[in-house]
Amino acid sequence: SWLVVPIGEGSIIVYNHQTVEIALELNTTCGSLLNVRICPLGRFVAAGSRFGIEVFNRQSGELVLRNDEVGACVVESFIGVDGDLLIRTEEEALWFAAGHRRPIARFTGQPDDSMLQFSADGRYMIVAGTNAPRLFDTRGNGRLRIAAHSDNAKSVSFSRDGRLVISSTEYYGGNLSKVWETSTGSLQFEFVGSESTFSPNGQWIASWSGGLKLWDVSTGKLAASAPYLSFPQSIRFSSSSDRIAAVSRFGGEFGVWQIEESEAAATPGNVELRPLFHDAQGRFPVAWSPSGDRIAYGRADRIQVHSLKQNRSVATLDVQRNLALDSLGFLDEDRLLVVSGQLQIWNVADQTPVWTSTERHVPPLVFSPDRKYLICRRTLLRTSDFGAVFQLPDWLGGASSADWSADGRRIAFGLD
């Protein structure tokens, strides 16, 4: 119904396509025009210029968005019909939501002359250019926000099938764990316990309530327990789901247990938690190696790496900085990733850093199931070269914990 035509350096004329009459004249103020776009239903007109982006209401001519900080850019596409749009600069593509002056997401990577285009309903995005064309379902960028607790959602964990997620609050926030359905955000049930987490195989839930508790998911019954007096800052399963580590906030209690069947165990499933290792000075953060043999944890201002197979410490890494929860991760058995302002890769054998990022990164750090990607707070990175792939919106500024579903389709964040 409408035709938009750029005229001269900074003027746009909107024609009624049926009557061929001028419906609106617009003047831009961000330098010479590079291109113009009109949204699918004709509600908005966007102009990419030498110094920024401008969006106008097509009916009234009102300026609804102006950003002169992005520099030279072109409008790739509107996203849906409400005024969201995708623009391309020399270095990245930016997603602007209607009425928001700052971008809510960034698509970054090597300049390759590729083209990004959204379908009219905003559901699909195609990327084509010098690389192989790729089609994305943008429903994967959707989010569900749950008002879960009266205090921080301190820990989050997906069930194996991704259908459920557990969130736990601080001890002083009620010591409650709640289980939610991920598709609807509806509460399924809740129980007393902190730092609750699903095992990777989906068989167990581990939590703390006066001691370490192991629950059988299939029966909902307590399978085993172990003494652990301190309130833990984190409880972590190994990838094989047969070992559990619990670590306190301050040096005082760090332990590792083996989950094994025992006819002598006084539990319904004949399961016990057998102690494997204890360090009275251990503290967070904590991370398992992929095999479950090595475990890294904080000790004073250093990172200790312990081998359960050798039953000894195999490395002490002098990181010389205070580390937060979820700031460690093994790339493989011999390389440990540390995030605290920057990313660092440490060689465990040499006990030395072998790479440090120039970009700023902060925790929480969480790997995708295949370890090809990782999230650092708001940025999705490739582990092959630690290049940024995608930046999540700034509503994640208060993220305190994160977990990736086993199928790689969802990421859960615990927020303030």
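Visitor: In which strand is A412 found?
Guide: This is a predicted model, and the strands are numbered from the N terminus. The strand that holds A412 spans residues 411–414. That strand is β40.

Visitor: Is A412 buried or exposed?
Guide: The relative accessibility of A412 is 11%. Buried means under 20% relative accessible area. At 11%, therefore, A412 counts as buried.

Visitor: Which residues does A412 touch, not counting residues up to four places away in sequence?
Guide: A contact here means heavy atoms within 4.5 Å. The list for A412 includes S401, A402 and D403. It also includes V156, F158 and V165.

Visitor: How many Å apart in space are A412 and I166, C-alpha to C-alpha?
Guide: In sequence, A412 and I166 are 246 residues apart. In space, their C-alpha to C-alpha distance is 9.6 Å.

Visitor: What share of the contacts with a separation of 6 or more comes from residues 24 or more positions apart?
Guide: The count takes the contacts in the chain with a separation of 6 or more. Within that set, residues 24 or more positions apart account for 37%.

Visitor: Which residue in β2 is the bridge partner of L3?
Guide: β1 and β2 (residues 11–16) run antiparallel and are joined by six bridges. In β2, the partner of L3 is Y15.

Visitor: Why is one side of β4 and of β7 left without a neighbour in the sheet?
Guide: The open sheet of four strands has the order β4-β5-β6-β7 and antiparallel pairing. β4 (33–38) and β7 (63–67) stand at its edges, so each is left with a single partner strand.

Visitor: Which residue in β7 is the bridge partner of V55?
Guide: β6 (residues 53–57) pairs with β7 over four bridges, in the antiparallel sense. In β7, V55 has as its bridge partner L65.

Visitor: Which residues of the largest nonpolar core have the most contacts inside it?
Guide: This core has 17 residues. Elements that give two or more residues to it include β21 (212–216), β24 (243–248), β25 (254–261) and β26 (271–279). The residues with the most contacts inside the core are L212, L214, I244, I259 and L273.

Visitor: Which residues does L212 touch, not counting residues up to four places away in sequence?
Guide: L212 is one of the residues with the most contacts inside the largest nonpolar core. Its list includes I244 and L273, which are also among those residues.

Visitor: Which residue meets E76 in a salt bridge?
Guide: E76 counts as buried, at 10% relative accessibility. The side chains of the pair meet at 3.4 Å, N to O. The partner of E76 is R88.

Visitor: What is the N to O distance in the salt bridge of R274 and E260?
Guide: R274 counts as partly exposed at 34% relative accessibility, and E260 is partly exposed with a relative accessible area of 24%. Their side chains meet at an N to O distance of 2.9 Å.

Visitor: Is D279 buried or exposed?
Guide: D279 forms a salt bridge with R299, the closest N and O atoms being 2.8 Å apart. The pair links strand β28 (residues 294–299), which holds R299, to strand β26, which holds D279. R299 is partly exposed, with a relative accessible area of 33%. With a relative accessible area of 8%, D279 is buried.

Visitor: Which residues are linked with E54 in a network of salt bridges?
Guide: The count of salt bridges comes to 10. In the network that holds E54, the linked residues are R66 and D68.

Methods. Residues numbered from 1 in each chain as written. Predicted model: local features only at pLDDT ≥ 70, side-chain atom pairs only at ≥ 80, totals over all residues. Heavy atoms only, no water. Pairing = 2+ DSSP bridges. Core = buried A, V, L, I, M, F, W, Y, C linked by side-chain atoms within 4.5 Å. Buried < 20%, exposed > 50% of the residue type's maximum accessible area, 1.4 Å probe, protein only. Salt bridge = Lys/Arg side-chain N within 4 Å of Asp/Glu carboxyl O.
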